[in-house]
Amino acid sequence: MGKGIAIANQKGGVGKTTTAINLAASLAVLEKKVLIIDADPQANTTSGLNFSPEDSQQRTLYEVMIGQRMIEETLIQTEIAGLQMIPSHINLVGAEIEMLNVENREAVLRDALERIRDNYDFIIIDCSPSLGLITINSLTAADSIIIPVQPEFFALEGLGKLLQTIRLVQAQPNPSLTIEGFVVTMFDGRTRVHSQVVAELREHFKDMVFNTIIQRNIRLSEAPSHGKPIILYDVICNGTTNYLNLAKEVLERNS
């Protein structure tokens, strides 16, 4: 059965979608069968993998969540052989209202995934920055969560609200949810505060912090505009090396 990993942080601009796309692509390159789910109405993962939400023909996560499509009808093959995607659409914003009267509504995504879960080694879910019903569904469907953290002190302060949400999910809809780890993103070794924040993060969370650090890299920021994960855009840059190393760490933790 495929392991579900949610990529989540309620603070925007921390490299959440970049991490979701490139971790999923790296796992696929390492010969794992991977599904990436775009659970963010902004649909940045969808466009970042060279697919327009407007071309979806009503075959997105939104239709799955409101019961109009079976989940297998929404699968899209990406440029990487082992990587498939379920796209998002701005319509997903309205799903929370449409699901108000749905029984067991926080588990809609988990129940839908049961039909296809055995087809994958990993299911990566890119969560919305908001901590609403769609994100709760993502955390309920996941086995663990990876939290991208930008090495800024304000980013550390924002972790409390996310950790509280995780505890609420663990208390009822998904008691088995664990924290896979914290991954430091957008790191600049020339900046003293970045090193200080990493040290503080490691002191507080110990081995829950991945050894791999995602360095600030211009090629990483360019790749989404070309609709490619970094490994297809520039195979020799630091961004590719960093995310391959992160994928290897994830595999080690799940071996």
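Author: Not counting residues up to four places away in sequence, T60 touches T74, I86, P87, S88 and H89. The model is a predicted one.

Reader: Why is T60 called buried?

Author: The relative accessibility of T60 is 1%. Buried means under 20%, so T60 counts as buried.

Reader: What makes the pair of T60 and E63 a polar contact?

Author: Their side chains meet at 2.6 Å. The limit for such a pair of N or O atoms is 3.5 Å, and the T60 to E63 pair is listed as a polar contact.

Reader: Is E180 buried or exposed, and how do you know?

Author: E180 has a relative accessible area of 8%. The cut-off for buried is under 20%, so E180 is buried. E180 belongs to strand β7, residues 178-187.

Reader: Which residues is E180 in contact with, neighbours within four places in sequence aside?

Author: Among them are K3, I5, S144, M208, F210 and R253. With S144 there is also a polar contact between side chains, at 2.7 Å.

Reader: Why is the pair of K3 and E180 called a salt bridge?

Author: The closest N and O atoms of K3 and E180 are 2.8 Å apart. A salt bridge needs the nitrogen within 4 Å of the carboxyl oxygen, so K3 and E180 form one.

Reader: How many salt bridges does the structure hold?

Author: There are 14 salt bridges in the structure.

Reader: What makes K16 and D40 a salt bridge?

Author: From N to O, the side chains of K16 and D40 are 3.8 Å apart. The limit is 4 Å, so the label applies. K16 is in helix α1 (residues 16-29), while D40 is in the loop between β2 (34-39) and α2, so the pair ties together parts that are 24 residues apart in sequence.

Reader: How do you know whether K16 and D40 are buried or exposed?

Author: K16 has a relative accessibility of 7%, and D40 has a relative accessible area of 3%. Buried means under 20%, so K16 is buried and D40 is buried.

Reader: Why is the pair of D143 and R117 called a salt bridge?

Author: Their side chains meet at 3.0 Å, N to O, and the rule asks for within 4 Å. D143 is in the loop between α6 (133-141) and β6 (144-149), and R117 is in the loop between α5 (108-113) and β5 (122-127). The pair links distant parts of the chain, 26 residues apart.

Reader: What labels do D143 and R117 get for accessibility, and why?

Author: D143 is at 29% relative accessibility. Buried is under 20% and exposed is over 50%, with partly exposed in between, so D143 counts as partly exposed. R117 is at 4%, so R117 counts as buried. Elsewhere, salt bridges that share partners join K16, D40 and D126 into one network.

Reader: Why is V235 called exposed?

Author: V235 has 57% relative accessibility. Exposed means over 50%, so V235 counts as exposed. V235 lies in the loop between α11 (230-233) and α12 (238-253). Neighbours within four places in sequence aside, V235 is in contact with I230 and T240.

Reader: Why is M99 called buried?

Author: The relative accessible area of M99 is 0%. Buried is under 20%, so M99 is buried. M99 is in the loop between α4 (95-98) and α5. Its contacts, neighbours within four places aside, include M65, V108 and L133.

Reader: What puts the charged end of R253 over the ring of F210?

Author: The charged end of R253 is 4.0 Å from the ring centre of F210. The distance limit is 6 Å, and there is an angle limit of 35 degrees from the ring normal. The R253 to F210 pair is listed as a charge over a ring.

Reader: Which residues of the largest nonpolar core touch the most other members?

Author: They are L61, L113, I147, F182 and L201, in a core of 48 residues. Another core, of 34 residues, lies apart from the largest one and has A20, A25, I214 and Y243 among its members.

Technical notes. Residues numbered from 1 in each chain as written. Predicted model: local features only at pLDDT ≥ 70, side-chain atom pairs only at ≥ 80, totals over all residues. Heavy atoms only, no water. Core = buried A, V, L, I, M, F, W, Y, C linked by side-chain atoms within 4.5 Å. Buried < 20%, exposed > 50% of the residue type's maximum accessible area, 1.4 Å probe, protein only. Polar contact = N/O pair within 3.5 Å; in protein donor to acceptor, adjacent residues only side chain to side chain. Contact = heavy atoms within 4.5 Å. Helix = DSSP H or I, 4+ residues; strand = E, 2+ residues; numbered from the N terminus.
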